[in-house]
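I opened this notebook to keep track of what I looked up. The entries follow the order of my reading.

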Amino acid sequence: MPVLRIKGGTPLRGEIYASGAKNAVLPMTAASVLINGRVTLTNCPRIADAETSAEIIKALGGCAEFDKNMLTIDCSGLNLTRIPQRLCEKMRSSITFCGPLLARFGCVGFYEPGGCVLGKRPIDLHIKGFKAMGAEVIEERGKITLKGSLKGVKINLPFPSVGATQSLMAAACLAKGTTVITNPSKEPETLALADFLNLCGGKISFYENKVEIEGVNRLHSAQARVIPDRIEAATYLCAAAATKGEITIKGITISELGIIGDVLKKTGCILTEEHNAVFLKAPQRLNAVDGLTTAPYPGFPTDLQPQICALLSLAQGKSVVTETVFEARNRHIPELIKTGAEITEKNRSFIINGVNSLKGAKLTAFDLRGGAALVIAALAAEGTSEIHNPHHIFRGYEGLIQKITSLGGNIEIL
C-alpha cells in the first residue's frame, strides 16, 4: 500500500492554480446521463472520484474520455440502467446517477453507496423524493430498484441536503409538470449544476427558499466549465497559514472561497485579491478562533472542519470547533493528537488548545478531508511524518504532490 512521506517545517511559498471543483463535477457528470448526446466539461479535475464517475458511464454503455482537464461524455448509446455494485461502493456520489437514469429511462438499479465513513448518511431523502414523483421502490438483497414515469410535485426537504437537492433537481428536468423543492441546498456547486442543466435546455429557477424546475421533453448537448474548487483552495491556504508561508492561488476569488476567508483573517492571516487570484500571508503566530460551527452554505462547510482543526492546533489560545453535519467526522482528531496537538472532544465539539509546534508522526487517513488535515499538520510539523491510506486524499485533490512540491513542500509517495 502506498504511503505519503512528508518532511515538515518548511514554509509554503509560491503560486498554484485552483483545480475544478470535485463537488461540482461529480453531479454534472451524473446529470449528463439525461442528455442523448455529447457533453464537454472543461476545467475538470483529474481526481479518483471523477475517474469513477467516468467508469460508471462506461459501465452503463456510454462514453466518457479525459483529455488532460477536459472530460467528453456521450450518453447516446446508453443501454444499461443498473449501476455496478463495485462502483456504488467506491463512491458516495454514485447516488447522483439515480435521478437522471430514472428520469430518462423510467428505471434504475443501484446499491447502497460507499465513500467516506462519516456516520449516518442516509439516502432516504432521495428515495422519498423519487416516490413522491411517482417512482415505485423495490428493495431486495441490498439492491434497490426504482421504476416509473416521473411527474412534477412539491417536495419539502427537512434540511438543505446537497445530494438530495441535486438528485431531485436533475430528475425533475425531464418530469412531466413543475417540481418545487423547498429548503434546498444553495451551495455554489448546486447552483453550478442548475446553471449546467439550464445550459442544456433545462428550466430551473432558484428563489429565496425554494427551487422550481419546469420539466422539458429533452435536454441537448452543451459545453460547460467546472467552477473552481473552494475546498481545495482553502485547504492549501490553511497549509500555507500553518507553515507560516505566503502563497497565491490563481483562478479563484475571495468571494468564491466563502466564509473560510473571514475565518483565515480572524487567525491573523493577510488575505487579499488581485486579478482573479487570492494571496495569503501568514503571521508568525496564529490567533485562536472560538465558536466555529459547521452549517449548510453560507455557513462554515463541514468539508473544511478537519483542515481548520489542524490549523487551529497551532493557534495561540483556545479554539472551539463544533461539527453539526456529520456525527462521525472526527477520526482525524486522534491522528492530530499523535503530532502533539492538544484537542479534546465534548459531545460534537472539539476544544483545541494551541501549541507552539507539532512533531512528525505515523498517521492514517480514514477519509478524504481528514486526510487533508493530516497533510497540513505534517507540513507544519518538525520532522518527518508518514500518512497511510493516502488514496482517500487523492479522491479529491488533483496533483497534490506536484502542487505542494511546487510550493517548496517536501512530500513524496512511497
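Does Gln-307 count as buried or exposed, and why? I found it buried, because its relative accessibility is 0% (buried means under 20% relative accessible area, exposed over 50%, partly exposed in between, with a 1.4 Å probe and protein chains only).

I note that this is a predicted model, where local features need pLDDT of at least 70, side-chain atom pairs count only at pLDDT 80 or more, and totals for chains, interfaces and linings use all residues. Residues are numbered from 1 along each chain as its sequence is written, and side-chain values use heavy atoms, with hydrogens and water left out.

I placed Gln-307 in helix α11 (residues 305-312); helices are DSSP runs of H or I with at least four residues, numbered from the N terminus. Leaving aside neighbours within four places in sequence, I listed the contacts of Gln-307 (heavy atoms within 4.5 Å), among them Ile-231, Cys-238, Arg-369 and Tyr-397.

Next I looked up a helix pair. The axes of α6 (residues 162-172) and α7 (residues 188-199) come within 10 Å and cross at roughly 10°; axes are lines fitted to C-alpha atoms over the stretch in contact, and angles run from 0 to 180 degrees between N-to-C directions. That makes α6 roughly parallel to α7 (angles under 35 degrees count as such). I saw that residues including Val-162 and Met-169 in α6 meet residues including Leu-193 and Leu-197 in α7.

Definitions and conventions:
Helices (H or I, at least four residues) and strands (E, at least two) are DSSP runs, numbered from the N terminus. Angles under 35 degrees count as roughly parallel, over 145 as roughly antiparallel, 65 to 115 as roughly perpendicular and the rest as oblique.
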